[in-house]
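Here are my notes on this structure, point by point. Please keep the model open as you read.

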Amino acid sequence: MKHENEKEGIFYAALSYVIWGIIPIYWKFVQQVQPYEILAHRIIWSFVFMAALLVFTKKWKLFTAYLKQISKEPRKLFALFAASLLVSANWGVFIWAVNSNHILETSLGYYINPLVSVLLGVIVLKERLSKAQVLSFCLAAAGVLILGIHFGSIPWVSLILAITFGLYGLAKKMISADSAIGLTLETMMVTPLALGYCVYLALSSNSSFFGSGSVSLFLIGGGIATALPLLYFAKGAQLVPLSMLGFLQYIAPTLTLILGVFVYHETFTKTHLVAFIFIWSALAIYSLSKTKWGTAGAGRMKGKRKIGA
């Protein structure tokens, strides 16, 4: 039974990462729309879809109860507001990057993200790094530096995506809400701003929403495309070990990399290859260090040092 549950969990978690990996295809369908307008509609329709889902799954009472609870806790309320702004910034930069032919940089950003989360853990939560994690971080930094030196500029899109998502994860730790309730709250916080922007566009006759039926449907569907993988991920995460999730998370940036190079024909130079090899090596070392074999090896080394002492 446990084996069957784990297989189901792997399926849902992998499905969520596959959707995240190929989501650039979706945003390419509305690339004629300004990124800010796409972002505004993504926020609005994500909130509408999630609110409807909570009603359908009979979680609306839990949502209102949590909202009342968090309104009395300024620290959690601030964390929720920060999470809302961070995920909105992440979505906005991602949409702009995809529709401006910077898909490779988005892939790099999500490869770097786990290591940024480790760094944030050290800086904010005062966590200690293992030797493997230090080596991973140095290799990843070398990869980013290689790109920066070769192209004469830091890959800001990659770093912004990695940092905003890393900080978002940190804020989510403080909120500790059910994933569906959390996403509903986060989108609810910024929906008034998104609605205001859409009204402004409509009044100034610059809105793309009312220009074409297909564009309107894609903008509305963006809410579903945003929410579904998150729900699949939440279901999968409950059934599989954290170490397995650690390996599965690289499905998304790998698929995005493949899309950027082979479907949208973005330039992938030898420098890109060298930089990515450094980052892939960093992730391999980091991921192995989080498995039972890695922790067992660290434990044996610690034991040998004690005996030697």
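1. How many residues does helix H3 have, and how far does H3 reach from its first C-alpha to its last? Helix H3 (residues 60–71) has 12 residues and reaches 16 Å. That is close to the 16 Å expected at 1.5 Å a residue, the expected span being 1.5 Å times one less than the number of residues. Helices here are DSSP runs (H or I, at least four residues), numbered from the N terminus.

2. A word on the basis. This is a predicted model: local features need pLDDT of at least 70, side-chain atom pairs count only at pLDDT 80 or more, and totals for chains, interfaces and linings use all residues. Residues are numbered from 1 along each chain as its sequence is written, and side-chain values use heavy atoms, without hydrogens or water.

3. Phe63, Tyr66 and Ile70 of H3 are buried. They cover an arc of only 70° around the axis, so they lie on the same side of H3; the arc is taken from the directions from the helix axis to the C-beta atoms. Lys61 and Lys68, on the other side, are exposed. Buried means under 20% relative accessible area, exposed over 50%, partly exposed in between (1.4 Å probe, protein chains only).

4. The cover over the buried residues of H3 includes helices H2 (35–56) and H8 (179–203). Contact means heavy atoms within 4.5 Å.

5. The disulfide count is 0, with a cut-off of 2.5 Å between cysteine sulfur atoms. Cys138 is partly exposed at 48%. Cys198 is buried at 12%.

Notes
Helix = DSSP H or I, 4+ residues; strand = E, 2+ residues; numbered from the N terminus.
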